[in-house]
Amino acid sequence: MRITEKPQIVTVFGGSGFLGSQVVRALANRGYRIRVAVRRPDLAFHLQPLGNVGQIKAVQANLRYRWSVDRAVAGADAVVNLVGILKEFGKQEFDSVQVFGARAVAEAAKQAGASLVHVSAIGADAVSESGYGRTKGEAENAVLEMVKKAVIFRPSILFGPEDDFFNRFAAMARISPFLPLIGGGHTKFQPVFVGDVAEAIARAVDGQVPGGKIYELGGPEVVSFRECMEIVLEQTNRQRLLLPMPWFVAKTLGKLTGWIPGAPITHDQVIMLQTDNVVSPEAIRARRTFAGLGMEPVNMAAILPSYLVRFRPQGQFSRRNPA
């Protein structure tokens, strides 16, 4: 961890979450002073041990209130926006958080003369049928309109100790006799380690990543939904039926139960699953990928066993024969 006399200030919106904590760690190791802008600063105390005394400070900010965004950005040298929601709840709507909020952060960064790194997602498209995909695409347009040298990252699904994908299905396998294969399980993913995405973001803050471009970040393996479920069962040492779920059934289930807190899937997420979540050929040709950043992403086999082991029948003491 570097210690400098006049460290630069980086404001990180959404810095207390899964990706956010990894980004804060990577920035702290580089010696930055980090201002973590979150709705509930009292829930961000777990970030303090990631840096030196006084290096990391949580401040209150809500992307729906422009004045709080301006206050959080004031005096910052760089801004990172990680905020995104997978489903709408209460006042947290796709348009208010992912479009209005992204534009507010970009405008505040421009006004402060700070550089900007914005995290979007593969599948972002301003004309997408999915509310999530549409607003992510509109946010990208708003960010580049306001800050032309902004760096935008589109990661595929993230994996790591606190992920909401492999952990969710591993937990389901503990109690359910089957795992669902939405749409037959044919959708392709390119899972990417959260630590690699955090390192890419930190390099962008360092100024090592050319701005005004959209980078697509995927891991070294392209796998189908079915293969992901098979990996979960292998790592958790369990045998479960893989049950194909037609699209119309998944959409109906999403409409009926998607509004419930903790629901397994929403109608909007089913729409997103109808399109492969992998790095595009255009990004590969233009080297707007990890390769273009001089990075080699970690594969799943190196990370998944370290945290999915807890879902085995006897944890790390389980034998390898399926149960």
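Residues are numbered from 1 along each chain as its sequence is written, and side-chain values use heavy atoms, with hydrogens and water left out. Because the model is predicted, local features need pLDDT of at least 70 and side-chain atom pairs count only at pLDDT 80 or more, whereas totals for chains, interfaces and linings use all residues.

Helices (H or I, at least four residues) and strands (E, at least two) are DSSP runs, numbered from the N terminus, and two strands are taken to pair if DSSP finds at least two bridges between them. Under these criteria, seven strands form an open sheet with parallel pairing, in the order β3-β2-β1-β4-β5-β6-β11. From one strand to the next the twist averages 20 degrees, where axes are lines fitted to C-alpha atoms, for helices over the stretch in contact, and angles run from 0 to 180 degrees between N-to-C directions.

Helix α1 (residues 18-29) lies across β1 (9-13), β2, β3 and β5 and runs at about 165 degrees to β2.

Strand β6 (residues 151-155) is joined by three bridges to strand β5 (residues 115-119), the two running parallel, and V119 has F153 of β6 as its bridge partner. Between these strands the chain passes through helix α4 (residues 131-146), and this β-α-β crossover is right-handed, meaning that, with the strands pointing away from the viewer, the path from the first strand over the helix to the second runs clockwise. Five bridges likewise join β6 to strand β11 (residues 213-217), again in parallel, with K213 of β11 as the bridge partner of V151.

Five of the five residues of β6 are buried, so this strand is largely enclosed by the rest of the structure; buried denotes under 20% relative accessible area, exposed over 50%, and partly exposed in between (1.4 Å probe, protein chains only). V151, F153 and P155 point one way from β6, and I152 and R154 the other way. In β11, four of the five residues are buried.

A nonpolar core is defined as a set of buried Ala, Val, Leu, Ile, Met, Phe, Trp, Tyr and Cys residues joined through side-chain atoms within 4.5 Å. The largest such core has 72 residues, of which L19, F153, F166 and I201 touch the most other members, and its largest share, eight residues, comes from helix α6 (residues 194-206). With contact taken as heavy atoms within 4.5 Å, and residues up to four places away in sequence not counted, F166 touches F159, P191, C228, V232, M300, L304, Y307 and L308. A second, separate core of 24 residues includes V69, A104, A139 and V147.

Helix α6 is itself mostly covered, with 10 of its 13 residues buried, among them V194, D196, I201 and V205. Just after α6, G207 takes a positive phi of about 90 degrees.
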